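The tour begins with the whole chain and then moves to two selected residues.

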Amino acid sequence: MRVLVTGGAGFIGSNVVKILEDQGDKVIVLDNFSHSSYKNLMDLEAEVIASDITDGSIYKKLPKVDAVIHEAAITDTTLADDTKMMTVNYEGSKKVLDFCLAKNIPLVYASSAGVYGETKSLASEDQKLTPHNTYGYSKYLFDCRVSKLIAKKSSPRIVGLRYFNVYGPREYHKGSAASMTYQLYLQMNSGKRPRVFKYGEQKRDFIYVKDVARITVEALKSKTSAILNLGTGTPRSFNDIISSLNQALKTKLEPDYFDNPYGDKYQNFTQADTALLEKTLKTSAQFSLEKGIQDYVNEYL
Ligand SMILES: NC(=O)c1ccc[n+]([C@@H]2O[C@H](COP(=O)([O-])OP(=O)(O)OC[C@H]3O[C@@H](n4cnc5c(N)ncnc54)[C@H](O)[C@@H]3O)[C@@H](O)[C@H]2O)c1
């Protein structure tokens, strides 16, 4: 199979390319290299097209493909340029979708838990969506467009995956937007006490990128179209990350707690309801936080 992976030079995209290539697929990466690293592609065979997903002329020049995995997006949720955020994440995604509709080929795309905004308990796909920043809104708007198409039942298969908090190899280029696990690892590996907001009991649904990439690729074979949560279903605390890192690094560094400057605006809790994912794709995350961090630190960091 020939698969186009947008954002294939980024964190999750390059993990997806690796899995596709390991199973013998031919991959074409479409990425403008605005938030990526060429190093993510050095061990991969993929053909690279260095272009922007918002450039409508590019789609006529693409080689023939059998499916698309769409990962490209502005992923820095704190970016103040709303025009750019909406142009890439919404208008760009619409162009990718239109390409799949015109060619009648399946599309798997990255949505985000950001569509839910503040949550205090399990987030389910059918609950009211209240994104609390432009990033979340851009993902929400595209999900709404796809939902309408899915309801008409006339499109090729489309699977949207609302990723929760992803961590793992190939994320170093993300800087301050990289995962909490990676930020804490950098501090602890240099012998510093890990700094977290008081008192480290904020809980999130952290999912290892190997699970995310595997399930994203498996979604290409989905028999039905759907928009699904992709998390572990188990929220874990920042203190849990620190314990797992201490274990993996063989250190005993105590957390250094400080006041949270974001107050109420901070996302203190995320948890994916994974029932629909399990029912639709017959799969679930395999890595616990401990296993994921062990693998990440020992094999990659
Ligand atoms: N990492 C997470 O925890 C997380 C959580 C929820 C959703 N997501 C979504 O998963 C997808 C992948 O995210 P990631 O964490 O790998 O981020 P990333 O920033 O590493 O990857 C995004 C890639 O898209 C490329 N890109 C950006 N704008 C582009 C454009 N206009 N044209 C072509 N390429 C462009 C970047 O160069 C980069 O390679 C994104 O859609 C993101 O919104 C990620």
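Two residues are in contact when heavy atoms of theirs lie within 4.5 Å. The model on display is a predicted one.

**First stop: the whole chain**

Display the complete chain as a cartoon. Its secondary structure consists of 9 helices and 13 strands. The radius of gyration is 19 Å, close to the 19 Å that the globule rule gives for 301 residues, so the chain is as compact as a globular protein of that length. Along the principal axes, the C-alpha atoms occupy a box of roughly 55 × 40 × 40 Å.

Next, switch to a surface view. The chain exposes about 13800 Å², and carbon and sulfur atoms contribute 50% of this area. Of the 301 residues, 55% are buried. Colouring by charge brings up 39 positive and 35 negative side chains, whose two centres lie 3 Å apart.

**Second stop: Asn89**

Return to the cartoon and select helix H3, residues 82-103, in which Asn89 is located. Is Asn89 buried or exposed? Its relative accessibility is 2%, and because buried means under 20%, Asn89 counts as buried.

One is the backbone nitrogen of Ile74, which the Asn89 side chain reaches at 2.7 Å. Another is the side chain of Ser138, with which the side chain of Asn89 makes a polar contact at 3.2 Å. Now select the surroundings: apart from residues up to four places away in sequence, Asn89 touches Ala73, Ile74, Tyr135, Ser138 and Lys139.

Move on to helix H5, which spans residues 180-189 and contains Leu184. Leu184 has a relative accessibility of 1%, and it counts as buried because this value is under 20%.

Which residues are in contact with Leu184, leaving aside its neighbours within four places in sequence? They are Pro194, Arg195, Val196, Ile241, Ile242 and Leu245. Finally, draw a distance between the C-alpha atoms of Leu184 and Leu245. These two residues are 61 residues apart in sequence, and their C-alpha atoms are 8.1 Å apart in space.

How values were computed
Residues numbered from 1 in each chain as written. Predicted model: local features only at pLDDT ≥ 70, side-chain atom pairs only at ≥ 80, totals over all residues. Heavy atoms only, no water. Helix = DSSP H or I, 4+ residues; strand = E, 2+ residues; numbered from the N terminus. Buried < 20%, exposed > 50% of the residue type's maximum accessible area, 1.4 Å probe, protein only. Polar contact = N/O pair within 3.5 Å; in protein donor to acceptor, adjacent residues only side chain to side chain. Rg over C-alpha atoms; globule rule 2.2 N^0.38 Å. Areas by Shrake-Rupley, 256 points an atom, 1.4 Å probe, with all protein chains shown as cover. Lys, Arg positive; Asp, Glu negative; His and termini not counted. Charge placed at Lys NZ, Arg CZ, Asp CG, Glu CD.
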